[in-house]
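User: I am new to reading protein models. Please take one part of this one and walk me through it closely.

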Amino acid sequence: MRGICDLVDLPATEPFLRDVFTDVARMTLGPWVHFGGDEVLVMQPEEFGRFVVLCQEIIAGAGKTPVAWQEAGRSAHGLDPLPPRPLRAGFGMVGRCCLLG
């Protein structure tokens with residue numbers, strides 16, 4: 001089974017993510033950009049870690065604070081503190097979103 005992890009190292013992946021996240025950052029007024037990171041069932045931890053770090057670097061480079069679901073913290077690199085510090089979003093028992101710093 002192929003997961004998105006097989007795409008992380010392709011030459012087109014980084015420019016694609018950079019285009020998308022830079023455009024989203026430019027179009028939004030808030031300080032955050034959420035890049036997901038949940039329900040990743042087929043990636044190896046080190047591959048997922050590279051994806052998480054790449055997303056964080058791009059979003060931080062666009063002047064926004066990266067936000068991801070709490071599962072991204074389980075990647076090989078976790079949510080490495082980059083300036084600005086990334087946040088983790090989690091769902092509580094009643095399904096409300098909360099930010100986990």
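What follows is a close look at one helix and its surroundings. Which residues of α1 are buried, and which elements do they pack against?

Analyst: A word on the ground rules. This is a predicted model, with residues numbered from 1 along each chain as its sequence is written. Local features need pLDDT of at least 70, side-chain atom pairs count only at pLDDT 80 or more, totals for chains, interfaces and linings use all residues, and side-chain values use heavy atoms, with hydrogens and water left out.

Now the setting. The protein has two helices and four strands. Helices (H or I, at least four residues) and strands (E, at least two) are DSSP runs, numbered from the N terminus. Along the sequence, the pattern reads α-β-α-β-β-β.

On to the helix itself. α1 covers residues 13–27, which is 15 residues. From first C-alpha to last, α1 reaches 21 Å, close to the 21 Å expected at 1.5 Å a residue. That expected span is 1.5 Å times one less than the number of residues.

Next, what is covered. The buried residues of α1 are T13, L17, F21 and A25. Seen down the helix axis, these buried residues fall within an arc of 75 degrees, so they line one face of α1. The arc is that of the directions from the helix axis to the C-beta atoms. On the other side, F16, R26 and M27 are exposed. Buried means under 20% relative accessible area, exposed means over 50%, and partly exposed lies in between (1.4 Å probe, protein chains only).

Take T13 as an example. T13 sits in helix α1. T13 counts as buried because its relative accessible area is 15%. Leaving aside residues up to four places away in sequence, T13 touches L7 and V8.

What does the buried face meet? The buried residues of α1 pack against β1 (32–34) and α2 (45–61). Contact here means heavy atoms within 4.5 Å.

Look at the partner helix too. α2 has 17 residues and reaches 24 Å from its first C-alpha to its last. α2 is mostly covered: twelve of its 17 residues are buried. Among them are F48, F51 and C55. The buried residues of α2 pack against α1, β1 and β2 (65–69). After α2 comes G63, whose phi is positive, near 85 degrees.

The largest nonpolar core has 16 residues. A nonpolar core is a set of buried Ala, Val, Leu, Ile, Met, Phe, Trp, Tyr and Cys residues joined through side-chain atoms within 4.5 Å. L17, F21, F35, F48, F51 and C55 have the most contacts inside this core. The elements that give two or more residues to this core are α1 and α2. α2 gives the most, with seven residues.

How far can you trust this? pLDDT is the predictor's confidence in each residue, from 0 to 100. The protein averages 76, and 66% of the residues score at least 70. Confidence is highest in α1, at 96, and lowest in strand β4 (residues 97–100), at a mean of 47. Over residues 93–101 the pLDDT is below 50, though this stretch has 19 contacts in the model beyond near neighbours in sequence. Where pLDDT is low, the predicted coordinates should not be read in detail.
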